[in-house]
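Hello,

Here is the structure I promised to pass on to you. Have a look at it first, and then read my notes below.

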There are 2 protein chains.
Amino acid sequence: MREDDPAIENIAVPSVRDADGAIAPDFRAAAEAAVEGEDRAALKTLIAGLHEADLGDLIESLHPDARPRLIELLGADFDFTALTELDETVRVEILQQLKPWTVAERIRDLDSDDAVYILEDLDEDEKNNILKYIPAPERVALQRSLDYPEESAGRRMQTEFIAVPPFWTVGRTIDYMRETEDLPETFYEIFVVDPAYRLIGSVPLDKLLRTRRAVLLTAVKTDQRHVVTASDDQEDVARLFEHYNLVSAPVVDEAGRLVGVITIDDVVDVIQEEADEDLRAMAGVGSDEELSDSVAYTARGRLPWLVVNLGTAFLAAFIIALFTGTIEKMVALAVLMPIVASMGGNAANQTMTVAVRALATKDLGSHNARRVVLREVLVGLCNGVFLAVLLGIAAAAWFSNPQLGGVIAAALVVNMLAAGLFGILIPLAIHKLKLDPAVASGVFVTTVTDSVGFFTFLGFASIWFSYL
Amino acid sequence: MREDDPAIENIAVPSVRDADGAIAPDFRAAAEAAVEGEDRAALKTLIAGLHEADLGDLIESLHPDARPRLIELLGADFDFTALTELDETVRVEILQQLKPWTVAERIRDLDSDDAVYILEDLDEDEKNNILKYIPAPERVALQRSLDYPEESAGRRMQTEFIAVPPFWTVGRTIDYMRETEDLPETFYEIFVVDPAYRLIGSVPLDKLLRTRRAVLLTAVKTDQRHVVTASDDQEDVARLFEHYNLVSAPVVDEAGRLVGVITIDDVVDVIQEEADEDLRAMAGVGSDEELSDSVAYTARGRLPWLVVNLGTAFLAAFIIALFTGTIEKMVALAVLMPIVASMGGNAANQTMTVAVRALATKDLGSHNARRVVLREVLVGLCNGVFLAVLLGIAAAAWFSNPQLGGVIAAALVVNMLAAGLFGILIPLAIHKLKLDPAVASGVFVTTVTDSVGFFTFLGFASIWFSYL
């Protein structure tokens, strides 16, 4: 709250971001100088009023050695929430360099979801080394969240929430909130529970504020139709939030007892990650690859897909090898054949992209699969015929051979049909097998369009030759 | 609120969704029968307590003719918010079949952002035909939102919000909210404004609830660091929400006056759309293509990218044509050449995908471009060398020709290097020109890897022949 504090306002602090939106070089240099000179006061002034997200970006922009030193220098003035904004690799590296008891001391101040987020990527030993410095009740709560599977609601939930009995009035609830010190940092609804902590309903804050003090909570509570179970997958939770425009949702355990609350800010990250994962999976990039990863790690992560592609490329080569006799008769075929394969690959990629995303968002399912398959095949046919005319004329003109133009045009129509058909059928089939269509579809689909493309073009050419 | 209403609870209503999460066929059939038989009571029972999002899905699952009939039959019991959940094509089709004054009457009840969302895709005449039935003050407010550019914050904002003067206390503010009927449907913060409606600060509801009645709002308001201008692009707004974990943000006009509020539920849709757009743009699919679009519309939308690809495929063919003499000497070259091009294309696609997303999320910028380019080139080199060994051995074994293995291995290393280099440089250059790298990168990058792949492999082969 800079404007209330003229002492801070009057010191010249370089602006945080440059025109690109990245951390400004001047600002980074000032931070580096302060860390270098161990000038705690200067550093504190510099980061005063900085949002945790900006603080995170600043840390990422620093030299790896300077990062833990900045955190140690700031001590209690460093908000550990900023660590949740870092790339995983950077966060783990920093945590390994800080003293376990410092980390333990400081993550106790955080909301439990942030503490879990910081701890979860460490290995078992490192995690326990930190947890042992945390007092029993808090440790048990963190441990319970960490025991839920990765990418589950239990990992993302915050165990701090407000739960009150149904016989309370609006007035009593408001008084309770005014008098209690240890409330969650932000919250959007309060929960009504029975003595066994089973969820009865919830009251959004705007409704609480609009209701007179004497009214009972049971009279204003909304039914809790959107309840998350701690073991639910985070993607399903994201889908629920998106579909019903939620801002927060209660999380219950297997016995139906309220154990936490999950809020939209966590879900926004999941939505973003999920869309990114589809994009990366289709390109054969690992979902955990980050810009800060090393060359060796990145190269190893991308290799498997390239090896698979090498295999499928050989398959296409074998098909060409069936027709070496045909190519020897007319080398123009070798010149033109990649065009048919490439066009099919592109068309299939269009269809597949639409299919993969529609499956992910559940817009595509058994109820409309038949219609969408038919649509894709017809789209392939339409564009196939149009492009075949262009390609046929161009090829005929180039090699002064109208029949060659006819052969390539026919092959293109067939390959574009195959692209539409397999571009949609393959993701649907993979989805039916409960696998992720984004990961595997690409390999199969381009194998099909390459193979069909070379086979039809060279095959049609050899039939044509046999009639010459 | 079904559980409070035993009359509704006791009627057997088929469950809304099947195991896949799609609208259950039984439920759809029941709705269709009710519409067919004009049985308003049955339809009302069926959709009682249905969330607007589920109601939207139900409408989309119906036959196009049944959709407006369901809405007319339900009359005032149909929540027009459900229309915001539909695909654009479906929504426009329905609106064109409803009477303009019915639409006008019903969208008056909605929050302004929903009303604008429903109106914005209609053409000018249709829009004005509806607007003329809306009383002047509301019409002017809607018109003002509609006058902001498409995909701007002004279009997404809600013009209903709570703004109070700074000299009010917490108690007076709560009393005001209890006494005022016409408040926004949901809100997360109240705004403090001066007499000219210029923003002074805001108070989140949780803070308001925790503060004693006598306290002045100026004492609890937080500085408004995250203010949106109505003309801001919705993507920039989404980035702001994501970065700072916001739930709502005030929107001001050019003069700094508070004109609306933008909330996270609108932003979640934007985040989702934006990631989708990148994915589609890279595959050459229009960002507005929807699963419900017709074959002709879809085919036309996908054609431009395919025509561009036809051009670049010809470029690759011209390069092959330079080497027909070489291919005639050894037809095995024609068999193997697509492998080199395909591997380069895949590696470039990996690099490009990472680059495009990192540019979109501002993780990649001038501050780290040099390091990332170097990383990508080295990744290309590492994987290139590894895969070249595999490919070289396989090719040498297949054609019993070790020298051919050497030629293809050397060509692959060069093409993988080119893939890494151009896979990152091309998106960076396009971004520098203020264009969207997702749209244009794909064409250029695969053109480079195809051309370099064919040229190096066939070129190295002809050099090798000249030494034979």
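Predicted model: local features only at pLDDT ≥ 70, side-chain atom pairs only at ≥ 80, totals over all residues.

The crossing of helix 19 and helix 21 of chain A is right-handed. And what kinds of residues make up the contact of helix 19 of chain A with helix 21 of chain A? They divide into 20 nonpolar, six polar and no charged residues.

**Aromatic rings**

Next, the rings. Over all chains, the structure holds 21 aromatic pairs. One of them joins F78(A) and F80(A) in an edge-to-face arrangement, with 5.5 Å from centre to centre and 75 degrees between the planes. Are these two residues buried or exposed? F78(A) is buried, with a relative accessible area of 0%, and F80(A) is buried too, at 1%. Both values fall in the buried class because that class means under 20%.

Another pair is in chain B: W464(B) and F465(B) are tilted, at 5.1 Å centre to centre and 40 degrees between the planes. W464(B) and F465(B) are both buried.

Finally, please find F314(A), F318(A), W398(B) and F399(B) on your screen: ring pairs link these residues into a cluster, with members from chain A and chain B.

Best wishes

Technical notes: Residues numbered from 1 in each chain as written. Chains lettered and ligands numbered in written order. Heavy atoms only, no water. Left-handed = near helix turned anticlockwise from the far one by under 90°. Helix = DSSP H or I, 4+ residues; strand = E, 2+ residues; numbered from the N terminus. Nonpolar A, V, L, I, M, F, W, Y, C, P; charged D, E, K, R; others polar. Phe/Tyr/Trp six-rings, centres within 6.5 Å; stacked < 30°, edge-to-face > 60°. Buried < 20%, exposed > 50% of the residue type's maximum accessible area, 1.4 Å probe, protein only.
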